[in-house]
Structure formats: structure tokens, C-alpha cells
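Reader: Hi! Could you take me through one part of this model in close-up?

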Amino acid sequence: MKAHSSFCQFLFTRGYLIMGQLFYRLLLNGTSLATLVAIMAPLSTALTALTFTAQPASAATLTADADATQLAELPDQQLKDDDDDDDDDDDDDDKTEHQETRESTTTTTTTTTTTVTQVTYTDVTTDYWASEFIYRLASIDIVSGYPDGEFLPNTYLTKAHYAAMVTKAFNKRAVRETVNIRNVSQFYWAYNALEAAYAQGFIDLTPDNTFDPEANMTKLEFFVMLAQALEYTEVTSTYTVEELLSVFSDADTIPTEYRVIIAALVEKGVIVNYPTLTRLNLFERVTRAEASSFIYQAMASKSLVETIYSEYIVDVVGLFEETTTTTETTVETETTTDVTVSGDDDDDDDDDDDDDDDD
């Protein structure tokens, strides 16, 4: 740009010199004024155009020179800031690209919803000992009542109802293949629950694959099947098996082969005893109310439901604290000091006095 400006200025200067010489020679030769104007007018126009061409070039050159000079005079910090601005622009471009990429990505969110149903049974009042266990399980569809609005809490639990409860409560993965239960119709109301309970390890079949769904269960049968399915078969705390079982007044009735299992259930807080907290009564049949309390506590031990308070839950730590008594004995010691004055000392003094008298 600067070379172009210099060249234009050179042509402009030379043009005027040539035009002046030509005008002088024509004037000496006697050329008329009209002829001189006719000759000089085009040359003047050309030089004028060249002048306008040179002026923008010069202006652009001056502007470029000024920008270069100003840039050279800028402090280093300002130059760095300018670079940062450029980087910010690049960052903005990068952000735009990321946003476009993010907008083109499809995100799938899976939401699990637990349905809570408010249920009331005509035969389960709020002050009934197992009401909270029953109503909490009913609200999440683990247990259900009968069409007439009753729950029948004191009715003995059947194995079919047990299977229906545990398969809903724990949703365990299968540990063995399902089999056809030979003596139970596939149209039986709990047939699918029985198949699932067997596959998940909650019930066992006879060697010929038969099962009695209408049979009742003792507490011992209930505890053993539930503990084995949940793998509560060992004690993991600092308490020994015998320490955990010592809280029961009928601990000696626990069969030897099941003592560890019962102790493990105590440790997990699964056992609930009504009406006497310290009596297991293992060979009595399980009621629907008792089964609800056991299932709820087992779910709580797996953090599937929130823990609740009941005076009938066997809390072994609390029981140990109640039965442990610490006695402190304070012994007071009384010290008596006797001071005895000897008569011989008086005699010695008297002797000394006698010696002095002799002197």
C-alpha cells in the first residue's frame, strides 16, 4: 500500500512538470489560447484523477502506519488482554459447539414409583399391638384383607399366604429353576406366588414336587424358611449365639440345629414377641398379625422400609442394658490416733533437776 502511494505521487509530480513544459513550448510557437485550453484540459483531468487515487492510498497508508505505531506502543498487559479476548471468543465458539452436541443427545430417565394405599380394616384398631406393622404393609400392597373389610389378624397363616407375602416384600432373584407343583392347580389363586417362592428359596417342595398350600406354619418353620432365604444364617456381631439367646426364658426349647439361625434373626431385629417379649413359643402356629410383624422387621433389616418402634420387638441391646446391674460400694475408713504420755519422761526430767540441785 505504501509503495503504491509513492508511485502515484511520482506520477502526479512528473505529470505537472511535463504539462508545464508543453504549455511553455506551445506558447512560444504562437499557439492560440483556445488551442492551449483544448490540449491542456484532458491532461489536467487525468492529473486530477491521479490525485484522488493517491489520496486514499496515502490515507490508508497513514492509518496502517498509525495502527502499527499504536500497537507497538501498547503495554504488554493490554496485548495479553487482547489475546484473552480472542481466546474467549474461541471458548464461546467451543461452548456453542458443546451446546449443539448436548442438544442432539437424548437422555432417558427411569423413575420408580411406589404406590401407597390408605387402608382400614374393621378388625384392626389403631391400638391393636400389630396395627402399625399391618397397615404399613397394606399401604404398599404386601398384605391384603378380605372382601368384607376384615384382616383377620388372629387367624393362622397358611403357606400360600406366606408365599404371597414374601415374594411381594423382597422381590429376590431366582436361586433355582421353577418347577411344576404337581398337586396344586395352576388356577389356584396363589400358584404363581408358590412357583416364585420356590424359585427364590422361600419354600421347599417334597421330593416328588408336591406342596400343601393350605397348611399352617409354626413360628420355628416360619423363622427357618425366612432366615435361609434371606441368608441370615450366621451371627456377625460381637455377641455370641448363647448371649443372644439368653434373653429368652424358653431358649432351651430351641433345637440345636436352629440355634444359630434364631440368634441371627435376633441380631437383625426380625423377631417380635407378643404378648411376652422374652418368650419365643416356637412351636405355636403363626398368626397373620405375627407374620406381618416378622415380614415388616425383615424388610426393615434390608432397608426396604423405615424402622418403627414397638415394645414387642426383641431389641437384644436394650434387653442387655436392662438386665445388667452395676453396683458401686463405697468403703469409709476412719483413722483414730492415740497420743500416750509416758511417766518415765517426767522422772527423767526430775532426775535432771536433781542433778542440777546437786551441782
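Are Trp129 and Tyr312 buried or exposed?

Author: Happy to! This is a predicted model, where local features need pLDDT of at least 70 and side-chain atom pairs pLDDT 80 or more, while totals for chains, interfaces and linings use all residues. Numbering starts from 1 along each chain as its sequence is written, and side-chain values use heavy atoms, leaving out hydrogens and water.

Trp129 and Tyr312 are both buried (under 20% relative accessible area with a 1.4 Å probe, protein chains only; exposed is over 50%, partly exposed in between). Now to their rings. Rings of Phe, Tyr and Trp (its six-membered ring) pair if their centres lie within 6.5 Å, with planes under 30 degrees apart called stacked, over 60 edge-to-face and the rest tilted. That rule gives 13 aromatic pairs. Trp129 and Tyr312 form an edge-to-face pair because their planes meet at 80°, with ring centres 6.1 Å apart. This pair joins distant parts of the chain, 183 residues apart: Trp129 lies in the loop between α3 (76-103) and α4 (131-139), and Tyr312 in the loop between α10 and α11 (316-323). The helices are DSSP runs of H or I, at least four residues, numbered from the N terminus.

Phe222 and Phe223 also make an edge-to-face pair, at 6.3 Å centre to centre and 85° between the planes. Phe222 is buried, at 0% relative accessibility, and Phe223 is buried at 0% too.

Returning to your two residues, ring pairs link Trp129 and Tyr312 with Tyr128 and Tyr274 in a cluster.

Terms used. Helix = DSSP H or I, 4+ residues; strand = E, 2+ residues; numbered from the N terminus.
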